[in-house]
Every structure is written in structure tokens, then in C-alpha cells.
Amino acid sequence: MEVLRDDDKRSKEPTTGASGLFRLGLLATVAIALVGACLLGAAVLTTVWLIVGRPTVTQINEASPAAVLEALKIAAGFVVGVGGVVALVVAYRKQRVGEDENRRHNDMSARDIVRLFNERFARASEQLGSERAAIRLAGIHAMAGLADDWSEGRQVCIDVLCAYLRMPFRPLSPIPEYERPLHRRPRAWELFAAAQNTEGEEINSASEAHVRSTVLQVFRDRLWEDCPTPWAGAHFDLTGAVLEDASFDGMDLTDCRLVFDDCLFIGECSFADSTFRRCNVSFLNAVFAGRLGFEYSKIEDSEIALYGDFTHETDVNFQGLTFTSGTLDVLGPRENGGHLSFVGSQLVGGKINVIASLNHENAVVAFSRAVISGTEIRISGGEFTSGNIWCNGVDITGGSFVFGSERQWEKPIKLEGTELSIDGAQLTGGRLAFERVQVAGSTVHLDDLDMHGGILDLASLEFTSGDIRFSSPSCSGGTVLVATTPQSGPLYLATSLLSEAGATVQPTADS
């Protein structure tokens, strides 16, 4: 039995009041209008009769032909007026009947459309729950097609597709060792991955991997520039999903929110050539167990946080990135190694914060050949006992490139074995600084420095052991800040070379 909604009940209630008159039959409506017109005419004639002195019948019969003709004109005008009233009533009634019919038709059409969308949603959801991969594939495309057609329910359809990716899945590749905070509860996929394999599961995983890649293909097809039905502004919640060889390449993400918290990225995962415009992207507590590429992507006015765990196989690559505004926070390599690269990136504005503690021989953070014209970059962390920080050929024309802790209560950087190389750097503006950095066994390379402006801040750089190299500098300007004028040690040799080359050495204690 069909249940009527409030609008259905209202459409079936009898109409009363003034508008009810125009739902009567046509003859009844015209008759009522004529009676009204006659009453109005009688009232007018009575008023005229009273005004002219209430003449008797004899006086009216003795009236002149001109007076009779004038009376006939008045009568004819009255008849025409009554006819006009009837025509207006009929036309108005037709208009009202047409409007009511059109409104009922629109209401029925809207209800039919919603009912059709609900039926399509139910069928697509049922297909996604099938045990057969082919039927699940059909359900994915059906749900995506419904999202294209149903703008009001688009986010619901996207939520269902994201929920499918969050379902437990055992990756085909082995999971390398990673660091997981002991106080955190196990991630959903950790419990599933720890379970023993069952017979035939490898075949099922292969077919399921194809189904899951189709979901990502559906996302890519709706998230690119000039897409006929773009999903801009959508929310993609993939919390706890296992993403193996996942491709998000070429997406144009505008006003979107993407949540990859607790995810496992394994194999070759990529956001290459993608655009993040006014987006909020979170990788909180994710595990990067393979390659995660952002090569030649663009970030504009977005907030991106990669607070995840690295492994010895991790390669987070921002090579060729164009970064114009927003914030990018990265929790870089620590105990298990891994690579983080911004090689050849164009850093125009915004802020990039890299928090790392390089304590593995294969740990690398690289900014080589990056062009910094306005971005504020900071590399901070704790102890750096191994690995490499490569910034060779970096070109600084604006913004800042800072090594060290920003706040006094934060732990200073301690270079106890990590090699820091900034050879061939060009400094024509902006600031290259070492803030609360202790060199205790490492070597800092600044050979072939090309300095024609800007600030080189060595005021809070301390040496207990290790070395700093400034061979063959080329300077025609710029300022070198030191705490006090050094009289010996590595900083004395460095500042002497820079001063002789043409830079201005300025002790901060004297300013």
C-alpha cells in the first residue's frame, strides 16, 4: 500500500475559499459572473434614476429622441461591459486551471524522478555487494552514472564508492616493516593482513584489485578539467583503505576534501600531474610502504598533511611540483629510512614544513635544483645520525629556506652523521638560514655558493665537531649573519672566504 506524503495529501484535499470558485464548471462560473454583472447593472441604473430626480414612467415615455438614443448607448455599453466581464472570467479560469494542472504535473514528475533515483541506488548497491567481480564492476559504473544524473544525491553515491574501497582487502605485495606508535589502536587492515591466507584467496585478491582500480578510474573520469559532469567540491573519505598501485594521476581537485588517514599505500601509488586547488588533504597515520608520487603536480591554496610512517621502500616524490600557496606538512624519514624529494620543484608561495629524524643509512631528503621564489621552507626534527640531505643547486630568489627548529622549546637539529649538501646554491634574494642547528660530527657542504643578494644566516649554527665547507664562493652582494665575529674554527674560515668574495659579514650581537 502506498504511503502518502504531506504534499500528496495536500494535493488530494478538497479546495475551499476564493480559489474554489474557479474549480466549478464553466457554465456555473459564467452564470455566477452574469448574475453579478446584472446586479451591478441594476445598482448603476438605480443610482442614475435617483440622480435624475426619480422620473415617472410617463416622463420617461415623453422623453425626446436624443435622450432615448443616449439611453440606448448607455445600455449598449453596459451589454458590452457585461460581455467583457464574462470573457475575462473565462480567460482567468482557463489560466488558473492550466496553472493547477502544470503544478500537479511538476509535483508528480519530481516524485517520479526521486523514486527512479532511489530504485537505481538500491540496484547499484545490491550489485556492489555481489560475490561475483563482474557484477560488482557493473555496480560501480551504475553508482557513478547515478551520481552524474543525481546532483542532490551525488555525495551519497560517492560515499558508497569510498566505503567500498574501505572494505578489508589483503594486498598482493608483502608489507615491509614500518614504525607504528604503540599507543595507537591497530588499523583495520593490520588485523586483516595478519590473518592467515585461505585457499583461493590469491585469485580473489587479484580480481578484487581490478574492481578497486575501477573505482579509482571512475574518480579520475569525473575529476579532470573540462569534465562534462565534474565532481568538484566532493568529499572523499578513504580512511583505513588499502591502496595498492592506486592511480590518482591527472586529477583536477577543486574545493575537495580527501581523507587518507590510516591508509596503507603499497606498490606504485601516484598523484602525478594532479591539481589541488582549495583542497584539504589528510594522510594522518598512513603507511607509505612503496612509492607515492606527486610529480609535476600543482598545489594552490590547499592544506595537505602527510603525517605517515615511512619504510625502507618509501619514496614520496614531489619532483617538478608547482607550489603557489597553502601549507604542505610532511613527516619525513625516521628510523626505517625512505626518500622524500622536491627535486626541480617551483616553490612560489605558501609554507612547506618537513619534520624528519634521519637515523637510517638509506634516508634521504632532497631539494636539489628547486627554485624558491616565495615559499617558506623549514626542515626540522631531532637527531640526524645517518642518511643525506641534498639541496645542491637550489636557487633562492625569495621566501626562505631554513634548517632548524622554529620555537625555543622544540628540540634543536643535531647533525651527528647526516651529510648536508647545498653545493652550487644560488642566493639572490630571500633567506638561507640555520636556526638552532648543532653540528656534531657531520659535514655541511656549501661549495661553489653563488651569492648576489639575500641573507645567509649562520647566527645560531654551532659546531662541536665536524666541518663546514665554502670553497670557491662567488659573491657580489648579500649579507652573512653570525652571532659574533668568529676568531677561529670552521665558521671563521667560512666567513673569511665569503667576506673576501664580496659578501657583507654582520655580527648580530653588534646590531
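The face of helix H9 turned away from its buried side carries the exposed residues Leu493 and Glu500, where exposed means over 50% relative accessible area, buried under 20%, and partly exposed in between, with a 1.4 Å probe and protein chains only. The model is predicted, so local features need pLDDT of at least 70 and side-chain atom pairs count only at pLDDT 80 or more, while totals for chains, interfaces and linings use all residues. Residues are numbered from 1 along each chain as its sequence is written, and side-chain values use heavy atoms, with hydrogens and water left out.

**Helix H9**

Helices (H or I, at least four residues) and strands (E, at least two) are DSSP runs, numbered from the N terminus. Helix H9 has twelve residues, 490-501, which should span 16 Å at 1.5 Å a residue, and the 17 Å between its end C-alpha atoms agrees with this; the expected span is 1.5 Å times one less than the number of residues. In H9, Leu491, Ala494, Thr495 and Leu498 are buried. Seen down the axis of H9, its buried residues fall within an arc of 90°, so they line one face of the helix, the arc being that of the directions from the helix axis to the C-beta atoms. What covers these buried residues includes strands E30 (450-457), E31 (461-469), E32 (474-482) and E33 (504-507). Just after H9, Gly502 takes a positive phi of about 125°.

**Strands around E16**

Strand E16, residues 326-331, is mostly covered, as five of its six residues are buried. Two strands pair if DSSP finds at least two bridges between them, and the table gives two such pairings.

| Strands | Bridges | Direction | A bridge pair |
|---|---|---|---|
| E12 (residues 302-306) and E16 | five | parallel | Ala305 and Asp329 |

**The whole chain**

The chain has nine helices and 33 strands, and 43% of its 511 residues count as buried. Among contacts (heavy atoms within 4.5 Å) between residues at least 6 apart in sequence, 67% join residues at least 24 apart. The mean pLDDT, the predictor's confidence in each residue from 0 to 100, is 83 for the chain, and 79% of its residues reach 70 or more. Over residues 1-23, however, pLDDT stays under 50, and the model has 17 contacts beyond four places in sequence for them.
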